[in-house]
Amino acid sequence: MKRSSGILMHISSLPNNFGIGSLGIECYKFIDFLKKGGQKYWQILPLNQTGFGNSPYQSIYSNSFNPYFISLEILNKEKLLTKKELLAEKVLGNKVDYGRLAERRLKVLRKAFSRFDKTDEDFVAFVKKGEYRDYALFMILLDENSDFYKWERKYKLRDKSGLKRLEKEKNEDFLFYNFIQYEALLQWTMVKGYALKNGIKIIGDMPLYVSSVSVDVWKNPELFKLDENLRPTKIAGVPPDYFSETGQVWGNPVFNYEEHKKDNFSWWKNRLLTALKKYDVVRIDHFRGLDRYFEIDFGEETAVNGVWVDAPGREIFDEVKKKVKGEKIILEDLGIIDDGVIALKNYVNYKGMSVLSFAFNGDEYNKYLPKNLEENTVLYTGTHDNNTLLGLINGLDDWDRKNFINGVIESSKLLNIKGKLKTKEDFVNRVITLGAKSKAEIFIIPYQDLLVKDESYRMNTPSTLTNDNWAVRFTKKDFNDKILKKLTKIGDR
């Protein structure tokens, strides 16, 4: 078995001068960096347009692109933005300022659209294809009333004549929202093609659930547990556990699987196939929810009164397997894993996930320890929801720190890895080396761990709404020869 490695780096975190990473030159430079470092994978978070809380896991539409990722520099080269307009969007800082983006970015994109040739035959064909018709109409309606549940009934329930009239009356806005997706798709297609040309496969994320206020729900309300006003009656979450005595209430509507069964889960198949057009490999987030999912009554403030409900995972994957090759899917089999989840994972026989930051707790049978890993796994030092390795070490109490240190030392001996461990940085680097030397087929490192960054570089803290979530950015100085040398050693695994 040939082992390989890669980096977890979301588009938003790439360095440029415009407040958030984009699908411009920074992507190409990062691909070159990965290639020089002997890497084979670039993992990103969902590319879709974010909604509440700026989370890519709460999207306006699962098949959309985030308008913030459109490269302003490319628009300038296409003569859709002037140099002066480009410079006006220049901003410094190592955090994404979503407030500033919300205030300015769509206005700038509208300026670009005002100069765009709307008769361009490729664009005309794109609009005519209608892939983003519902998205454009949804955005127009959302602009007019941000409270989805107070939309006029004819629009909320998708009256055909009403929507057709809206498209005609608001044609300029309709074309603008199509333009956003058209431009983003063009830019992403170029990036993906460049990655493929340079031997880099892109791993993308597919959230299990969709947002309650989304095109997905608006277009297919029968597929979700909703009331007559399209408000969820049941929502997803996580039960009380070691981390939270009241559990987590996510708010996403859960699926009405009886309706999905009627057409052999075509929505699931189409969603996965669409994701595989964007990415080379798809990671299915919260895989355990396809065996059993946790359901909470809408309106509950905590997850204490939620219940577990069976999901038709085997039936879904029986249909998926007819269309999708197994090597193109990774299962996020983390969290509350029971016999049912294990049986479903064995049934589908796709790669699962392991996380090294969970490994060193003093339990010699911990399945994430390097000695206990399966080959058919994708190993991470941590995910976007975890603290950085250095942040983890900084937060350990005496007992947990002792277990961590002993675990790292013992694992090093078993893999015959030598060298002194004196500082926290030494331990972070040793954990990365353990991952590189492990038998896991694929090893993925969040870039902040490669740089040995502290907790201020954590991408997301679940169940919190802060300006720090999803805001991490790197600078051009973070891509240097020292890090490249370190990356190359990992690439030689």
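This guided tour moves through the model in a series of selections and describes what is found at each.

The structure is a predicted model, in which local features require pLDDT of at least 70, side-chain atom pairs count only at pLDDT 80 or more, and totals for chains, interfaces and linings use all residues. Residues are numbered from 1 along each chain as its sequence is written, and side-chain values use heavy atoms, with hydrogens and water left out.

Begin with the open sheet of eight strands, whose order is 9-6-3-2-1-12-11-10 and whose pairing is parallel. Strands here are DSSP runs of E with at least two residues, helices are runs of H or I with at least four residues, and both are numbered from the N terminus. Two strands are said to pair if DSSP finds at least two bridges between them. Select residues 329–331 (strand 9) and 352–355 (strand 10) to see the edge strands, each of which pairs on one side only. From one strand to the next, the twist averages 25°. Such angles run from 0 to 180 degrees between N-to-C directions, and the axes are lines fitted to C-alpha atoms, for helices over the stretch in contact.

Next, select residues 201–206 (strand 3) together with residues 281–284 (strand 6); four bridges join the two strands in the parallel sense. Within this pair, Ile 203 stands opposite Val 281 of strand 6.

**Two buried positions**

Now select Ser 4, which is found in strand 1 (residues 4–8). Is Ser 4 buried or exposed? Ser 4 has a relative accessible area of 14% and is therefore buried. Buried means under 20% relative accessible area, exposed means over 50%, and partly exposed lies in between, with a 1.4 Å probe and protein chains only. Neighbours within four places in sequence aside, the contacts of Ser 4 are Lys 40, Tyr 41, Glu 441, Ile 442, Phe 443 and Arg 493; contact means heavy atoms within 4.5 Å.

Proceed to Leu 356, in the loop between strand 10 and strand 11 (377–380). Leu 356 counts as buried because its relative accessibility is 0%.

The next selection is an open sheet of four strands, ordered 5-4-7-8, with antiparallel pairing. Its edge strands are strand 5 (248–253) and strand 8 (307–310), each pairing on one side only. On average, neighbouring strands of this sheet are turned by 50° against each other, direction ignored. Select residues 234–238 to highlight strand 4, which runs antiparallel to strand 5 and is joined to it by three bridges. Ile 235 stands opposite Pro 253 of strand 5.

**Two helix pairs**

Two packed helices are described by the angle between their axes and the distance between the axes.

Select helix 6 (residues 133–144) and helix 8 (residues 160–169), whose axes come within 11 Å and cross at roughly 80°. Helix 6 is therefore roughly perpendicular to helix 8. In this scheme, angles under 35 degrees count as roughly parallel, over 145 as roughly antiparallel, 65 to 115 as roughly perpendicular and the rest as oblique. Arg 133, Leu 137, Ile 140 and Leu 141 of helix 6 meet Leu 163, Lys 164, Leu 166 and Glu 167 of helix 8.

Then select helix 16 (residues 398–414) and helix 17 (residues 424–437), which pack at an angle of about 45° with their axes 10 Å apart. Helix 16 is therefore oblique to helix 17. Which residues make the contact? Helix 16 contributes Phe 404, Ile 405, Val 408, Ser 411 and Ser 412, while helix 17 contributes Phe 427, Arg 430, Val 431 and Leu 434.

**Two positive phi angles**

Most residues other than glycine have a negative phi. Select Asn 416, in the loop between helix 16 and helix 17. Although not a glycine, Asn 416 has a positive phi of about 55°. With 58% relative accessibility, Asn 416 counts as exposed.

Finally, select Val 452, in the loop between helix 18 (447–450) and helix 19 (481–491). Val 452 is not a glycine either, and has a positive phi of about 55°. Its relative accessibility is 13%, so Val 452 counts as buried.
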